[in-house]
Amino acid sequence: MRQITITLCTVIILFSCNDSKTDTTATTDSTKNVMDTSTAMSPQMDSGAMMQAWMTYMTPGDVHKMLAKSNGTWDEDVTTWMEPGKPPTTGKSTAVNKMILGGRYQQSNHKGSFMGMPFEGVSTVGYDNAKKVFQSSWVDNMGTGVMNMEGTWDSTAHTINFKGKTTDPSTGKEMDVRETFTMVDDNNHKIEMWSTQNGKEFKTMEIVLKRK
């Protein structure tokens with residue numbers, strides 16, 4: 001809702017700047033600043049072109065349909081490495097995927113256990129039509145931060161290659177994270193994650209998903 005509201009406000013301001021016949025000498029300094037900023041954002045576009053660009057931006061396409069193919073319930077085998085070179089922890093969880101907001105984003109709800117404790121996580125994955133990149137966010141009950149990543153599609157490997165930032169609880173600072181999300185086929189997926197600490201990248205997680 002917040003993103004749609006911001007977009008609508010931007011479009012309205014831009015329309016006003018292009019269609020207004022008001023004498024600019026009578027414009028207040030604050031309004032003139034808004035108009036100058038809007039003109040700089042889109043110096044050549046008329047209101048019709050801006051509306052078309054916005055419609056293209058908001059309309060789900062083939063990539064969103066590809067995400068929708070993963071809707072449903074999935075069993076997950078989870079392997080986690082807490083430190084490089086140390087034995088991993090294994091567990092099982094379940095993910096339920098569904099498209100939301102008119103097929104624009106896929107929301108995944110994960111439930112299982114981790115180190116003997118109940119685990120819940122929620123991810124949102126979308127494809128930005130303007131930037132031509134996948135975007136994802138992740139939150140869970142094992143932390144209080146939000147992990148955000150962007151990624152590109154490798155059509156040969158059927159993989160989204162994500163990169164982003166998350167908080168390192170041991171230092172309170174951001175660290176680089178990397179994820180590969182491979183759509184092996186319609187019923188089998190694989191997620192692998194790496195973190196970079198002290199300049200060294202190591203694998204932290206592997207999830208093998210099978211459609212239920």
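These legends cover close-up views of a predicted model.

**View 1. A closed barrel of 10 strands.** The strand order is S1-S2-S3-S4-S5-S6-S7-S8-S9-S10, and the pairing is antiparallel. From one strand to the next, the twist averages 25°. Strands of a sheet pair through backbone hydrogen bonds, either parallel or antiparallel.

**View 2. Strands S1 and S2, side by side.** S1 spans residues 72-80 and S2 spans residues 89-100. The two run antiparallel and are joined by 9 bridges. Asp75 sits opposite Thr94 of S2.

**View 3. The hairpin of S2 and S3.** Here 8 bridges link the antiparallel strands S2 and S3. Met99 has Gln106 in S3 as its bridge partner. The hairpin has 4 residues between its strands. Leu101 takes a positive phi near 55° in this hairpin.

**View 4. The hairpin of S3 and S4.** S3 covers 105-114 and S4 covers 117-128. Their antiparallel pairing extends over 10 bridges. The hairpin leaves 2 residues between the strands. Met115 lies in the turn, with a positive phi of about 55°.

**View 5. A nonpolar surface patch of Met82, Met115, Met117 and Met142.** Together these residues have about 410 Å² of accessible area. Met115 belongs to the loop between S3 and S4. Is Met115 buried or exposed? Its relative accessibility is 55%, so Met115 counts as exposed; the cut-off for exposed is over 50%.

How values were computed. Residues are numbered from 1 along each chain as its sequence is written. This is a predicted model: local features need pLDDT of at least 70, side-chain atom pairs count only at pLDDT 80 or more; totals for chains, interfaces and linings use all residues. Side-chain values use heavy atoms; hydrogens and water are left out. Two strands pair if DSSP finds at least two bridges between them. Axes are lines fitted to C-alpha atoms, for helices over the stretch in contact, and angles run from 0 to 180 degrees between N-to-C directions. Patches are made of residues with over 30% relative accessible area and no salt bridge: like charges are joined within 9 Å, nonpolar side chains (Val, Leu, Ile, Met, Phe, Trp, Tyr) within 5 Å. Accessible areas come from the Shrake-Rupley method with a 1.4 Å probe; for residues, only the protein chains shown count as cover. A salt bridge is a side-chain nitrogen of Lys or Arg within 4 Å of a carboxyl oxygen of Asp or Glu. Buried means under 20% relative accessible area, exposed over 50%, partly exposed in between (1.4 Å probe, protein chains only).
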